[in-house]
Amino acid sequence: MNIVRNLIDKDIKIMLVNREMTNEESFKRTFAMEGFQKSVTYTDIRNGEFEMTKEMEFAEIVEKVREKYTSDKLLVIDHIRTLEDTLIEIGRHKPDVIIDDYIQLIKVAAFNKNKDRRFEIEEILTQYKWACKEHNCHAILISQLNREIERRLDPRPKMSDYSESGVIEQTAETALFVYYPYNHNPEDNSKYESEIITAKTRYGEIGRFVIGFNGNRCRFFPTPQEAQLNATVDTREMIKSQ
């Protein structure tokens, strides 16, 4: 949703395919993300209970989201299961960017079920490439990682951690990972720091980039310091006064 937000600011038309969560759940995160300068947090939105001040702030956030995430800029779908139906929707709406979350949940209706799952993933990636070429658009495809990553001393993700990794490694033009060190070692890492790892790219720079992340705001920031400043309104004011 952070990617969606930034693309909308650039007047880019997006089609978001929600396979794991509902549209309602994804927009709860959007409300938290857009209200990062308010006292309303993701926890408040999930609980659905606000005191009077927060209720008024939330009404302002809803209006901001309604105005910004208009239907001509963003199509959000959570009811299609198959690759075939996905390609039909792409052809019908002709977005500039498709975000599909996530590819291991895509059904390939006409595929031989006796074949290994990796061949199915290969078919999904190939068909997406052809769709992008045909409709002059771009696709951001989310993938699962293998469970082995949780058993390693260094849990930073790498190319071989992709589920059905061989196919994805070969086909993807860019491979990005989001790594949150606090999940694996909260004692030595800040909960406001995350990493974007560029493992493969044809048009950019390979490497690790430290950025800010605030989970209760559902939002990434340029720096960890900025993420911490936006923890809550009270915390922000306290840090400024110090």
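Colleague: Before we start, what should I know about the model and its numbering?

Modeller: This is a predicted model, where local features need pLDDT of at least 70 and side-chain atom pairs count only at pLDDT 80 or more, while totals for chains, interfaces and linings use all residues. Residues are numbered from 1 along each chain as its sequence is written, and side-chain values use heavy atoms, with hydrogens and water left out.

Colleague: What makes H2 and H4 roughly perpendicular to each other?

Modeller: H2 (residues 23-34) and H4 (residues 52-68) pack at about 110°, with axes 9 Å apart. Helices are DSSP runs of H or I with at least four residues, strands are runs of E with at least two, and both are numbered from the N terminus. Axes are lines fitted to C-alpha atoms, for helices over the stretch in contact, and angles run from 0 to 180 degrees between N-to-C directions. Angles under 35 degrees count as roughly parallel, over 145 as roughly antiparallel, 65 to 115 as roughly perpendicular and the rest as oblique. H2 and H4 are therefore roughly perpendicular.

Colleague: And why are H5 and H6 called roughly parallel?

Modeller: Their packing angle is about 10°, and their axes lie 11 Å apart. H5 and H6 are therefore roughly parallel to each other.

Colleague: How do you know which residues of H5 and H6 meet?

Modeller: Contact means heavy atoms within 4.5 Å. By that test, Leu83, Thr86, Leu87, Ile90 and Gly91 in H5 meet Glu123, Ile124, Gln127, Tyr128, Ala131 and His135 in H6. These residues divide into six nonpolar, four polar and one charged. Here Ala, Val, Leu, Ile, Met, Phe, Trp, Tyr, Cys and Pro count as nonpolar, Asp, Glu, Lys and Arg as charged, and the others, Gly among them, as polar.

Colleague: Which residues does Phe27 touch beyond its sequence neighbours?

Modeller: Not counting residues up to four places away in sequence, Phe27 touches Val65, Tyr69, Leu74 and Val76. Phe27 and Val76 are 49 residues apart in sequence, yet 9.8 Å apart in space, C-alpha to C-alpha.

Colleague: What makes a group of residues a nonpolar core?

Modeller: Such a core is a set of buried Ala, Val, Leu, Ile, Met, Phe, Trp, Tyr and Cys residues joined through side-chain atoms within 4.5 Å. Buried means under 20% relative accessible area, exposed over 50%, and partly exposed in between, with a 1.4 Å probe and protein chains only. The largest core here has 24 residues, and Ile98, Ile121 and Ile124 have the most contacts inside it. H6 gives the most to this core, with five residues. Apart from it lies another core of 21 residues, including Leu16, Ile61, Tyr69 and Val76.
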